[in-house]
Amino acid sequence: EKATKAATPERMIRRMAAVEPTFATLKRLLNKGRFTCWGLSSASSEYSLGVLSYNLMRAINVLGVKGMLARLT
């Protein structure tokens, strides 16, 4: 009930604007949402790799290559 009251149209629009680009990018990275392997554990691993690559791309875009390398060492 509390969640239903908090889900105002303004908050939903803001949430969609924050979340949808991430899932669209992941869908593009993962071959339009289709996994290339069979089985739950394999698909989970493939999705995890996609999320890791997305997070690395975001970190490099925010920090730059030199900043990212400096933080990794």
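Hi everyone, here is a short tour of one protein chain, from its overall fold down to a few residues.

First, some housekeeping. This is a predicted model, where local features need pLDDT of at least 70, side-chain atom pairs count only at pLDDT 80 or more, and totals for chains, interfaces and linings use all residues. Residues are numbered from 1 along each chain as its sequence is written, and side-chain values use heavy atoms, with hydrogens and water left out.

So, what does the fold look like? The protein chain has 3 helices and 0 strands, and along the sequence that reads α-α-α. Its radius of gyration is 17 Å, well over the 11 Å that the globule rule gives for 73 residues, so the chain is more spread out than a compact globule. That radius is taken over C-alpha atoms, and the rule is 2.2 Å times the number of residues to the power 0.38. Helices here are DSSP runs of H or I with at least four residues, strands are E runs of at least two, and both are numbered from the N terminus. Along the principal axes, the C-alpha atoms fill a box of roughly 45 × 35 × 20 Å.

Now the surface. Of the 73 residues, 11% count as buried; buried means under 20% relative accessible area, exposed means over 50%, and partly exposed is in between, with a 1.4 Å probe and protein chains only. The accessible surface comes to about 6,400 Å², and 63% of it belongs to carbon and sulfur atoms. Those areas come from the Shrake-Rupley method with a 1.4 Å probe.

On charges, the mean positions of the 12 positive and 4 negative ones are 9 Å apart. Lys and Arg count as positive, Asp and Glu as negative, and His and the chain ends are not counted; each charge is placed at NZ of Lys, CZ of Arg, CG of Asp or CD of Glu.

Which residue sits in the loop between helix H2 (9-29) and helix H3 (40-72)? One answer is Phe 35, which counts as partly exposed at 39% relative accessibility.

Let's finish along helix H3. Ser 44 lies in this helix and is partly exposed, at 41%. Its C-alpha atom is separated by 28 Å from that of Leu 63, 19 residues apart along the chain. Leu 49 is in helix H3 too, and at 56% relative accessibility Leu 49 counts as exposed. Between the C-alpha atoms of Leu 49 and Trp 38, 11 residues apart along the chain, there are 15 Å. Arg 58 is also found in helix H3, partly exposed at 43%. From Arg 58 to Arg 34 it is 24 residues in sequence and 22 Å in space, C-alpha to C-alpha.
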